[in-house]
Amino acid sequence: MDHRGFEWDLTSESVKGRVKEAGFDIVSSIRYVRLDHALLTSFIERWRGETNTFHMPVGEMTITLQDVEVLTGLRVDGRAVVANMYEDWENLCEELLGEVPEEIVKGMVPISWLYSTFSVVSEQHKNEDHVARAYILYLIGTRLMPYSSGNLVHLKWLMFVADFEACGEFAWGAAVLANLYHEMRRASGRHCSTTSACYTLLQV
């Protein structure tokens, strides 16, 4: 799904402040980049999962933590992003977002729901903590660790943004890179038909 159809630009300075405190302010300023699928396929065909490197005619190369830090502004040191699976997703949404979608599928909610519900800080949604959390989920689901479905993001990430200051202590950059490595390893296999990750990092 092409998320340019609902590009979410923050207008509230207080919401921006919360997003910055959580460590996602630079990511929020990154604009849509059209992916060159032929170029990405060429790189993935040269990926070797056992060494996490590209085998090129001139030697080996890879994407590093420093690359992630420079390009996204995300922390690459700090607490590890290890998600514990949660069962009561509806209560989690109610507590941290103040809204519950009509349907939660295997712990995932539509990104389009996040956008339509929280993209405007209106009379109905004055709790800016809720808006900031929804926006960070949007960033994770569209730019950092997207699912191949294109319009879903897992609520397991919501638990990390219960406290914005604590969220900023996690090594989100390392998590994004680990996810990219994992997806490239899958994509380089013979039987993988769909893959999704922060391929903007690879292209840039």
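How many cavities of 30 Å³ or more does the count come to? The count comes to 2, where a cavity is a set of points, on a 1 Å grid over the protein atoms alone, at which a 1.4 Å probe fits but cannot get out. The model is predicted, so local features need pLDDT of at least 70 and side-chain atom pairs count only at pLDDT 80 or more, while totals for chains, interfaces and linings use all residues. Residues are numbered from 1 along each chain as its sequence is written, and side-chain values use heavy atoms, with hydrogens and water left out.

The chain contains 10 helices and 5 strands; these are DSSP runs, with helices (H or I) of at least four residues and strands (E) of at least two, numbered from the N terminus. Its C-alpha atoms fill a box of roughly 60 × 30 × 30 Å along the principal axes. The radius of gyration, taken over C-alpha atoms, is 17 Å, which agrees with the value near 17 Å for a compact globule of 204 residues; that rule is 2.2 Å times the number of residues to the power 0.38.

Of the 204 residues, 43% are buried, meaning under 20% relative accessible area with a 1.4 Å probe and protein chains only. In soluble globular proteins, nonpolar side chains tend to be buried together. The largest nonpolar core has 59 residues, of which Phe24, Trp172 and Met184 touch the most other members. Such a core is a set of buried Ala, Val, Leu, Ile, Met, Phe, Trp, Tyr and Cys residues joined through side-chain atoms within 4.5 Å. Among the elements that give two or more residues to this core are helix H1 (13–21), helix H7 (128–144) and helix H9 (172–187). H7 gives the most, with 10 residues.

Tryptophan 172 also has contacts (heavy atoms within 4.5 Å) beyond its neighbours within four places in sequence, including Phe24, Leu74, Arg75, Ile140 and Cys167. Trp172 also lines the second largest cavity, together with Ala22, Gly23, Leu74, Arg75, Cys167, Gly168 and Phe170; lining residues have an atom within 4 Å of a point. About 40 Å³ of space lies in this cavity, a volume being the space filled by probe spheres set on the grid points, which are joined across faces, edges and corners.

Leucine 10 is found in the segment before H1. At 16% relative accessibility, leucine 10 counts as buried. Its contacts, not counting residues up to four places away in sequence, are Val15, Lys16, Val19 and Tyr135.

Methods:
1 Å grid on protein atoms, 1.4 Å probe; cavity = no way out; pocket = protein on both sides within 12 Å on 5 of 7 lines; lining within 4 Å. Buried < 20%, exposed > 50% of the residue type's maximum accessible area, 1.4 Å probe, protein only.
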